[in-house]
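Subject: Structure handover

Hello,

Here is the structure for you to look through. My notes follow below it.

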Amino acid sequence: MDEFFDPRSVAVLGASNDPAKWGFWLAAGALTGAERRRVFLVNARATSIQGERTWARLRDLPEVPELLVVSIPGTAVAGVVTEALDLGVRAFLIISTRVPQAEELAEAITAAGARLIGPGSLGLVDSANELLLAWGHFTPGSLAVVTQSGQLGSEIATLSARSGLGISRFASIGGQSDVRAAEILDSLVDDPDTSQVALYLESFTGGTALVAAMQRLRAAGKPTMILTTGASNAGQRLARSHTGSLTSAIDAVDAACRKAGAIRLASPSEIVELAGFFASSWLPGGRRVGIVSDSGGQGAIAADIAELHGLTVDPVAEPVRARVEALLPEAGHIENPVDLDGAGEADLGIYVRVVRELLADERVDAVVLSGYFGCYGENTPELLEAELAEVEELGRAAREHRKPLLVHSMSADSQAVSDMWARAVPCYRSIDTTMRVLSRAAFYSSHAGRIAEAFELSGTVTPWGRGYSAARETIISAGVEVPRAVTVAEGDDLAEAVGAAELTPPFVLKAGWPAHKTEVGGIALGLRDVAALEAAHTDMVSRLGAGEYIVEEMDGRDHVVEILVGGRQDENFGPIVMVGAGGTETELYNDTRLELAPVSRAEAHDMLTQLTCYRLLQGWRGRPAADVESLVDVVVSVSRLIAANNEIAEVEINPVRVAESGAIAVDALVLTATGDDAEATGEDAEASGEGAASTAAAPVHRTNDVSEEMRA
């Protein structure tokens, strides 16, 4: 990426003397780096721009520029690009918008071996390399901004400058017609001037490369903070499985963040707030916070907001409580929060002494000081020197214990507030911001990302046909346990088929082709004998038509919890696996968790613990606990199946019935990328039964001893 962020020469096509035009700012910015690189300003109508010589045409330049910046009307861009490619230009930054046939233009550039950022870019900045090719002013700093929305990226840069953080690099990448976000992220891994990254994307095309780049940033100690827009519901409305309808693009982005060790935030201000913390403090070791406040009211509100953000406010250790009580003999509440009860007004040193005690407590991961501190010198100048001395001591205490110490101050920008930032004590204007930042930092600290292990995947499994029978055989090959069953077709003797398969009642009868059997009356439960089975079969055929039907032994165990386990191929991030509350009310509860596949046993277990219905698995109101480990086996098996086989677009098991004695999958759906699995109705339903075997399953291509591998 040096041709974009540190070119040996740059030409600005469309340079201008008019401050209201992009060409003015691009020319002025390029000239700030004139001592580092050769700068050429191209304008056919002016002999000089901002006091510098101009050239009328690209071919008049004394050399071929390494980077060409284009800021002219969109209709003229194609001709200029053709000329530049003929001259040998190999890097283009196109600011112009409304460029006709932009995709074809990008293809022409890449076909010539050149690179492109734009069209529609709002520019590039590299502070250390004195590169300024954007509108406005950028304060040098440590935050890199990579964005599809130039204006939103500019907002982040502006907020960063106001906070004192500043910008190391800025890249407005537009529609990613050639250079993609992942490439720029990779270039930041070894950039010595970048300590953290803000990323705004509207499209996650090539998501696997993005995840890999963010993993490398995390390994380099550089947090990546992501903004994105909300997901459309259109794709969910078209989904044929619960796995598709219950998950959105945002869910996949969040799963990608967890895998990469990145964090998704909600607004530019949240990015800058958290970036300030990352730049100046230590990561918390957990979510336990100790609170010190000037008043009981402030402490109580701080505790409430902390818990709203998922932090815990536990009592401090007894020895710590006793030492704090000795420091505050007049105070009324020595627990957590610690109420100073105005003691700071009599002795500024009390803040540091109490904070030190909480930082020393092994039960506390971070300390928040909330209230008037930071205002003393601002409101009473005679106290400024003493307050600044205490600020220095607070910074020393945080460094000694290597724990986060955050301050919520009633002052916005006093000298004490500035000094706290300079001494690794992040200071915020509101207690809500303070606790939100700490909560985000704790999340980031606990999600360090995961490198995919060299899992023994299931290998390619080709579903042999449509419907439930094929789905059953597919998940069996992946190591998932199912009830004993037999497939029957028109004309088969049910008693004979059931007897040959040695099935025992009660039975379940299922139509083999509907994706959601309950909705069409394609399932009959609790059939106590063959006579009941025959009656149900006759009724079902009369309503749904001839086709493939499956008779299964019914799972009659008590205290069963129904769970959905599914997987699909995400268009951006590849294979994903999902767990959720199962059964016919799956969409009603919308209790799900998603991760990029494959997952380890530990990750599968963590997915389950995130579900609200997980408490049912642990044993609810005296019921026996379910065999969670057998359910973990299913999640891992499905994750490996979807990760190993690109022919499978979606796989869903709903429900997996989990009891004390283990997990059994009693319904499954497999959709392939070819579309051969489409839900059969009408004429398709009749066709689906014609080639079905009556009592033996058709062959499935599978690896040897797959089930044993899955459980190893």
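Two strands pair if DSSP finds at least two bridges between them. Helices (H or I, at least four residues) and strands (E, at least two) are DSSP runs, numbered from the N terminus.

This is a predicted model: local features need pLDDT of at least 70, side-chain atom pairs count only at pLDDT 80 or more, and totals for chains, interfaces and linings use all residues. Residues are numbered from 1 along each chain as its sequence is written, and side-chain values use heavy atoms, with hydrogens and water left out.

Strand 18 (residues 405-409) pairs with strand 19 in the parallel sense, over two bridges. Val 407 has Cys 427 in strand 19 as its bridge partner.

Next, find Glu 273 in helix 11 (residues 268-280). Is Glu 273 buried or exposed? Glu 273 counts as buried because its relative accessibility is 18%. Buried means under 20% relative accessible area, exposed over 50%, and partly exposed in between (1.4 Å probe, protein chains only). Leaving out residues up to four places away in sequence, Glu 273 touches Tyr 428, Thr 433, Arg 436 and Val 437. Contact means heavy atoms within 4.5 Å.

Last, the whole chain. The protein chain has 28 helices and 29 strands. Of its 712 residues, 55% are buried. Among contacts between residues at least 6 apart in sequence, 71% join residues at least 24 apart.

Best wishes
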